[in-house]
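Q: Hi! Could you walk me through this structure before I set anything up with it?

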Amino acid sequence: MDRRKLIDTAQGKLEPDLVLKNGRIIQVLTGEILEGDIAVKDGWIAGVGRYDGPHAADLDGRYVSPGFINAHCHVESSMALPEVYCAEELRYGVTTLITDPHEIANVAGAAGIAFMLDRSEGLPMRYYVQAPSCVPCTALEHAGSVLTAESLAPFLAHPRVTGLGEMMDFHGVADGAPGVLEKLDLFSGKVLDGHLPAAQPLLQPYAAAGIRTDHESVAFEEARAKLRAGLSVLIRQGSGSKNLDAIAAGIVREGLDTSGLAFCTDDKHLLDIHREGTIRCCIERAIALGLPPVTAYRLATLNAARIYRLWDLGAIAPGFRADLVVLDSLEQARVHSVYQNGKNVSGLPAHPHRQPIPPEILHSVHIRPLAKEAFRLPGQETYPVINMVPNQIITRKTLVSAAEAERLLREKELLKIAVVERHHATGCMGVGLLARYGLRDGAIATTVAHDSHNLIVVGGSDRDMHIAVQELQRVQGGFTLVRGGQVLATLPLPVAGLMSDKPCAEITAKLQALTGLAREMGVDPSMDPFIALSFLALPVLPEIRITDLGVVEVA
């Protein structure tokens with residue numbers, strides 16, 4: 001920042017580089033909508049009021065918001081490389097994101113984090129990273145890597161690393177586990193992200209450890225309890241978990257203070273982002289639920305910036321970055337144009353990236369050949385069943401007898417589900433039972449299986465499940481659908497088994513086709529067939545999961 005230039009521009013002694021004239025400014029600092037001009041110099045806002053200059057854009061009364069901020073996301077979960085992902089976010093007004101690359105870290109360790117930082121360098125997006133805290137998230141599974149505090153230390157000084165990513169090991173926090181405390185201490189003074197499902201008895205010790213955010217609230221009461229404990233609540237609205245309605249409705253009903261709230265997606269597929277964006281959807285829905293419009297925009301901008309200590313972002317005022325979104329509509333958050341650093345970035349294609357992908361990020365699927373009887377259930381009198389919940393990533397547990405399980409499998413009321421270790425070809429594999437996914441026949445498999453990203457496969461036929469595993473080994477990761485002994489369609493994700501190296505149009509077209517096939521095969525239309533499946537392997541979410549070591553009762 002050249003302070004002298006900004007001061008002189010604000011006083012009219014220097015010409016602005018750009019003037020956005022005749023806008024209706026969403027002033028999130030005071031809760032007002034003001035009419036005026038915005039003067040920009042060297043990528044900073046020099047003044048708001050009445051300004052002129054040779055380079056002016058007449059907004060003709062359109063609304064202007066600070067650039068939207070996605071307060072917590074996993075770029076890898078979009079299945080696109082950073083340059084493709086950011087181009088889609090920009091289209092819908094997001095100029096800043098805070099991402100936790102723990103997905104790729106679980107596959108490739110520190111090299112994966114470095115890859116995402118390098119790949120995002122120079123993009124027209126403020127791309128901040130929270131260093132992954134839990135790789136793997138528990139000892140109940142095998143990951144591709146193990147990250148200690150020593151592994152994370154080199155990232156501490158990186159200018160785009162804002163803190164420590166979501167601390168999923170809440171038991172480790174409460175127990176004062178040395179490895180957990182070492183990571184929290186290492187990032188002391190930076191933002192410590194949380195991940196605490198439900199407002200449980202561990203909330204107080206968890207907050208006492210200095211953790212300051214959480215994105216796992218699925219109900220208003222849970223969000224309020226976390227706010228009372230000093231956590232900022234990041235309201236999640238992604239492809240798999242949609243929590244905004246429940247939380248926003250409670251905020252409106254109770255008149256709750258909103259200063260500790262922001263919007264995030266956590267995990268959202270590229271197809272959904274391409275269709276509708278991310279944070280603009282949160283704004284629109286929150287307004288529809290009764291939140292005052294300027295308050296909704298504050299959650300999407302200023303609140304997120306303050307939570308992550310990005311003090312020069314999130315508002316339209318002198319001395320703030322000129323990251324701006326021009327809108328045709330306030331209530332629908334319809335984006336007209338986007339400015340990042342004072343430059344119009346609307347409609348920019350994916351930033352070209354000519355660097356090759358390092359070999360350690362590719363060729364990550366290594367599976368020991370499966371025995372013919374690999375998907376046989378373990379012999380026991382009763383079996384726990386993983387019951388899926390529509391529009392949520394939590395699950396419910398029920399029990400069935402062995403005879404009942406056999407009958408329900410024949411009738412396709414239950415499906416087999418398995419997780420196969422895919423990083424080191426150990427042969428570790430867990431097999432269990434799944435309900436309420438909806439698949440009637442065939443098999444669906446993916447190497448996107450949070451958080452250790454082993455291979456997860458579900459099906460009504462052992463033969464089709466075998467073929468699905470073999471197909472993903474062949475293409476080195478992705479999604480595949482199999483029916484009647486034949487591969488119907490596959491989306492290869494060769495970058496760590498998580499991301500495609502193809503452009504947006506190719507990824508979204510393929511994903512749309514696969515989603516349609518999954519619906520034809522019976523997958524419940526209330527859930528994303530792939531994101532819903534991927535979370536069944538995450539052993540820190542209630543109530544019941546499955547990993548390569550077996551079925552896990554999370555409590």
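**Pockets, helices and backbone**

A: Happy to, and let's begin with the lining of the largest pocket: its residues divide into 10 nonpolar, eight polar and six charged. Keep in mind that this is a predicted model.

Q: Good to know. What volume does the largest pocket have?

A: Its volume is about 280 Å³.

Q: And how many residues line the largest pocket, and which lie nearest its centre?

A: There are 24 lining residues, and S239, R519, S526, M527 and D528 lie nearest the centre of the pocket.

Q: Which helices each supply at least two residues of that lining?

A: Helices α11 (270-276) and α17 (504-520) each do that.

Q: What about enclosed space? How many cavities of 30 Å³ or more turn up in a search of the whole structure?

A: The search finds five of them. The largest cavity holds about 50 Å³ of space. It is lined by 14 residues, and the closest to its centre are H74, E166, D267, F535 and L538.

Q: Changing topic to helix packing. At what angle do the axes of α9 and α10 cross?

A: Helix α9 (residues 220-228) and helix α10 (residues 244-254) have axes that cross at roughly 70° and come within 8 Å. Angles of 65 to 115 degrees count as roughly perpendicular, so α9 is roughly perpendicular to α10.

Q: Which residues make the contact?

A: On the α9 side, F220, E221, A223 and R224 take part. From α10 come A246, I247, G250, I251, R253 and E254. Sorted by class, this contact of α9 with α10 has five nonpolar, one polar and four charged residues.

Q: And which residues of α4 are buried?

A: In helix α4 (residues 110-120), the buried ones are G112, I113, F115, M116, L117, R119 and S120.

Q: What covers the buried residues of α4?

A: The cover includes the helices α2 (82-91), α3 (102-108) and α5, together with the strands β8 and β9 (161-167). As for what comes after, α4 is followed by G122, which has a positive phi near 80°.

Q: Where is D42 found?

A: D42 is in the loop between β2 (32-41) and β3 (44-49). With a relative accessible area of 41%, D42 is partly exposed.

Q: And where is the place of A425?

A: A425 is in the loop between β19 (415-420) and β20 (429-435). A425 is partly exposed too, and its relative accessible area is 25%.

Q: One more spot, please. Where does A350 sit, and what does it touch?

A: A350 is in the loop between β16 (343-344) and β17 (382-388). Leaving aside residues up to four places away in sequence, A350 touches E83, V84 and A87. With 35% relative accessibility, A350 counts as partly exposed.

Q: How many residues apart are A350 and I251 along the chain, and what separates their C-alpha atoms?

A: A350 and I251 are 99 residues apart along the chain, and their C-alpha atoms are separated by 37 Å. I251 is one of the α10 residues in the contact with α9.

Q: Last one: where is G176?

A: G176 is found in the loop between α6 (170-175) and α7 (178-186). G176 is partly exposed, with a relative accessible area of 30%. From G176 to Q380 it is 204 residues in sequence and 37 Å in space, C-alpha to C-alpha.

Conventions:
Residues are numbered from 1 along each chain as its sequence is written. This is a predicted model: local features need pLDDT of at least 70, side-chain atom pairs count only at pLDDT 80 or more; totals for chains, interfaces and linings use all residues. Side-chain values use heavy atoms; hydrogens and water are left out. Axes are lines fitted to C-alpha atoms, for helices over the stretch in contact, and angles run from 0 to 180 degrees between N-to-C directions. Helices (H or I, at least four residues) and strands (E, at least two) are DSSP runs, numbered from the N terminus. Angles under 35 degrees count as roughly parallel, over 145 as roughly antiparallel, 65 to 115 as roughly perpendicular and the rest as oblique. Contact means heavy atoms within 4.5 Å. Ala, Val, Leu, Ile, Met, Phe, Trp, Tyr, Cys and Pro count as nonpolar, Asp, Glu, Lys and Arg as charged, and the others, Gly among them, as polar. On a 1 Å grid over the protein atoms alone, a cavity is a set of points where a 1.4 Å probe fits but cannot get out, and a pocket is an open set with protein on both sides within 12 Å along at least five of seven lines; lining residues have an atom within 4 Å of a point. Grid points are joined across faces, edges and corners, and a volume is the space filled by probe spheres set on the points. Buried means under 20% relative accessible area, exposed over 50%, partly exposed in between (1.4 Å probe, protein chains only).
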